[in-house]
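Good morning, and thank you for coming. Please look at the sequence and the structure on the screen while I describe how the parts are arranged.

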Amino acid sequence: MEIKYLAILKNNPAHKFENSDYVKRLEPLTEAEINELEILYNNGNIFPIALRELLFLAGNYCYVLDFGMNDTQQALQAVAKRDLIRYKKSIERPFFAIDVYGGGGQFLFVYLDEGDEDPMVYEADLFESHPWIHSLHETLSQLIKSLMIRFLNGQNPF
């Protein structure tokens with residue numbers, strides 16, 4: 001897959017920590033696994049390009065996103081949908097969660113129907129009343145780039 005938006009991830013597939021043998025590595029999904037996710041969560045329609053790139057480069061593990069205790073993207077999506085039900089909220093548009101945090105009840109996601117190759121990222125904070133969905137005012141590639149810069153500079157990306 002050609003990488004158009006997430007070159008910073010492509011160029012940093014692993015990170016070795018100073019004065020340590022510890023290495024964090026991105027863990028990708030295959031294109032077939034991405035296609036399966038598109039069938040499950042987007043009615044077989046292709047995901048936005050930046051989301052496909054994220055999954056292709058780091059869909060099983062990304063050291064600047066928190067997938068929680070979830071072993072698969074399907075589990076991550078299930079947690080987001082379960083939390084929506086638990087907090088009696090709903091997102092009526094197709095979406096894909098990219099990060100969960102706060103012990104549940106909070107996640108970052110992209111809408112799948114905006115028609116953009118590099119979609120805006122939104123936060124769902126299910127603890128809040130109205131409005132509980134907020135734009136981060138960053139596209140997916142902008143968010144990943146800012147998190148990666150912090151991480152590569154020794155700061156916590158979270």
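Predicted model: local features only at pLDDT ≥ 70, side-chain atom pairs only at ≥ 80, totals over all residues.

Helices α2 and α4 are roughly parallel to each other, a term used for angles under 35 degrees, while angles over 145 count as roughly antiparallel, 65 to 115 as roughly perpendicular and the rest as oblique. α2 covers residues 31-41 and α4 covers residues 73-86; the angle between them is about 25°, and their axes are 11 Å apart. The axes are lines fitted to C-alpha atoms, for helices over the stretch in contact, and angles run from 0 to 180 degrees between N-to-C directions. The helices are DSSP runs of H or I with at least four residues, the strands are runs of E with at least two, and both are numbered from the N terminus.

Residues are numbered from 1 along each chain as its sequence is written, and side-chain values use heavy atoms, with hydrogens and water left out.

Let us return to the two helices. α2 passes α4 in a right-handed crossing; a crossing is right-handed if the near helix is turned clockwise from the far one by less than a right angle, and left-handed if anticlockwise. Which residues of α2 and α4 make the contact? From α2 they are Glu36, Leu37, Leu40 and Tyr41, and from α4 they are Gln73, Gln74, Gln77 and Lys81, where contact means heavy atoms within 4.5 Å. By class, this contact of α2 with α4 has 3 nonpolar, 3 polar and 2 charged residues. Here Ala, Val, Leu, Ile, Met, Phe, Trp, Tyr, Cys and Pro count as nonpolar, Asp, Glu, Lys and Arg as charged, and the others, Gly among them, as polar.

α2 also packs with helix α3, residues 49-58: their axes come within 9 Å and cross at roughly 135°. That angle makes α2 oblique to α3. The crossing of α2 and α3 is right-handed. On the α2 side, Glu31, Ile34, Asn35, Leu37 and Glu38 take part, and they meet Arg52, Leu55 and Phe56 of α3. The contact of α2 with α3 divides into 4 nonpolar, 1 polar and 3 charged residues.

In the loop between α2 and α3 we find Asn43. Its phi is positive, at about 50°, although Asn43 is not a glycine. As a general point, most residues other than glycine have a negative phi, and most peptide bonds are trans. Is Asn43 buried or exposed? At 74% relative accessibility, Asn43 counts as exposed; the cut-offs are under 20% relative accessible area for buried, over 50% for exposed, and partly exposed in between, with a 1.4 Å probe and protein chains only.

I now turn to the sheet. It is an open sheet of 4 strands in the order β3-β4-β5-β6, with antiparallel pairing; two strands pair if DSSP finds at least two bridges between them. The edge strands are β3 and β6, residues 133-139, each of which pairs on one side only. From one strand to the next, the twist averages 30°. Helix α5 packs on the sheet and touches β3, β4, β5 and β6, and its direction makes about 75° with that of β6.

How many bridges join β3 to β4? There are 6, and β4 is made of residues 106-111. One of the pairs is Tyr101 with Gln106, and Phe96 stands opposite Val110. The two strands form a hairpin with 4 residues between them, and Gly102 in the turn has a positive phi of about 75°.

β4 is also joined by 5 bridges to β5, residues 120-125. Here Phe109 stands opposite Tyr122, and the bridge partner of Val110 is Val121.

Why is β4 described as largely enclosed by the rest of the structure? The reason is that 6 of its 6 residues are buried. Gln106, Leu108 and Val110 point one way, and Phe107, Phe109 and Tyr111 point the other way.

In the loop between β5 and β6 lies Pro131, which a cis peptide bond joins to His130, with omega about -10°. In strand β6, His137 has a positive phi near 60°, and His137 is exposed, with a relative accessible area of 65%.
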